[in-house]
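Good morning, and thank you for making time for this presentation. Please keep the sequence and the model in view while I speak.

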Amino acid sequence: MSEHAGRRDPHLAVKREVLVRYLDAWIPAALRSHRGATYVASGAPDFVVDAFRVVGEFADRLGGHHLDMVIIGAAADPAVLRELGEPPAGLSVRSVADPGDLAVAGPVLAHLDVVEDSALTEPDAWRLVASLARGKAHEVLLTVPAAEQAMDHRSRLGAVGLAYVVTVELVADDGRAQLLVFATGDIRHLATFKDELWAVDEFAGIRYRDPRDAERTLVDISLTPHLGPLRRMLLAELARRGSCTVADLQQHALLETIYRPADAIGALTSAASAGAITREPEKGRLTPRTTVGHREDHRQR
């Protein structure tokens, strides 16, 4: 993708890099399955071309394995398939007119972008998610329009077996926002996805926002992000619990925020320095085994 294309549509640029980064991590793990694996692609043709290129980088590992790339929605245009060229041995590429008839095997990753795909409606995407989410190795990367009164996607995904979810708003400089949702049945893959989410290049024009942040703070994309929203959310959780270990709050950060467990250490260290929390032991670096407590007389700023 050209630099000019990224400037024209910063949302698309960020989503493409997130997809490529996660595919680069997902494919080697998926290929270890003796049942083969399935990648479901939708959205802009750029997504399909990117995915095909990433798979091609693992051509030397496809021998003796099988990866099925299924293209749905607008991206299933025959012109897109022709652009891909000949797939490497071990990769099959096919388009499906009716996603409701989709049969899959082994680990599954479905990339469904309702915003970029005029042929894929949000109800259709959710029906497909429900039909695919039948195992721990099944997961989905979904993009839908962001709305202030959006339904709780976590509950909906949890109901179909995808227990580990992160939702992040991609917000452009002009305020336009899209909601990126990743859901999996494997907590390790949730951690991997978040690592890739924050490793994305710092594209001008897009910042992240945690839908659960009451102050709706915009955060620059960075390997060392601003931790203000996380600090507020961890202090609120600590006030609810009274006290717990740092490891407990790291788990909360992983499961309930857009941040990574390692970020919780930084947020809690800042809170301890400001006198917002108690800690035991009182000195030394915070570790996962450190016990922290809510300080009721601290006035949050």
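The buried residues of helix H3 are Phe47, Val48, Asp50, Ala51, Phe52, Val54 and Val55, where buried means under 20% relative accessible area, exposed over 50%, and partly exposed in between, with a 1.4 Å probe and protein chains only. This is a predicted model, in which local features need pLDDT of at least 70, side-chain atom pairs count only at pLDDT 80 or more, and totals for chains, interfaces and linings use all residues. Residues are numbered from 1 along each chain as its sequence is written, and side-chain values use heavy atoms, with hydrogens and water left out. Helices (H or I, at least four residues) and strands (E, at least two) are DSSP runs numbered from the N terminus.

What do the buried residues of H3 pack against? Their partners are helices H2 (10-30) and H4 (78-84), together with strands E1 (37-41), E2 (67-71), E3 (91-95) and E4 (108-113); contact means heavy atoms within 4.5 Å. As for length, H3 covers residues 45-56, and its 12 residues should span 16 Å at 1.5 Å a residue, the expected span being 1.5 Å times one less than the number of residues. The end C-alpha atoms of H3 are 17 Å apart, which agrees.

I turn now to Pro99, which lies in the loop between E3 and E4. Pro99 counts as partly exposed because its relative accessibility is 22%. Leaving aside neighbours within four places in sequence, Pro99 is in contact with Ile72 and Leu128. Pro99 and Gly73 are 26 residues apart in sequence, yet 8.4 Å apart in space, C-alpha to C-alpha.

His252 is found in H9 (residues 246-256) and is buried, with a relative accessible area of 15%. Not counting residues up to four places away in sequence, His252 touches Met233, Leu234, Glu237 and Thr257. Leu234 in H8 also belongs to the set that meets H10, along with Leu230, Arg231 and Leu235. On the H10 side are Asp263, Ala264, Ala267, Leu268, Ser270 and Ala271.

Finally, confidence. The chain averages a pLDDT of 89, and 92% of the residues score at least 70; pLDDT is the predictor's confidence in each residue, from 0 to 100. Among the elements of the chain, H9 has the highest mean pLDDT (98) and helix H1 (residues 3-8) the lowest (44). Over residues 1-7 the pLDDT is below 50, and this stretch has 4 contacts in the model beyond near neighbours in sequence.
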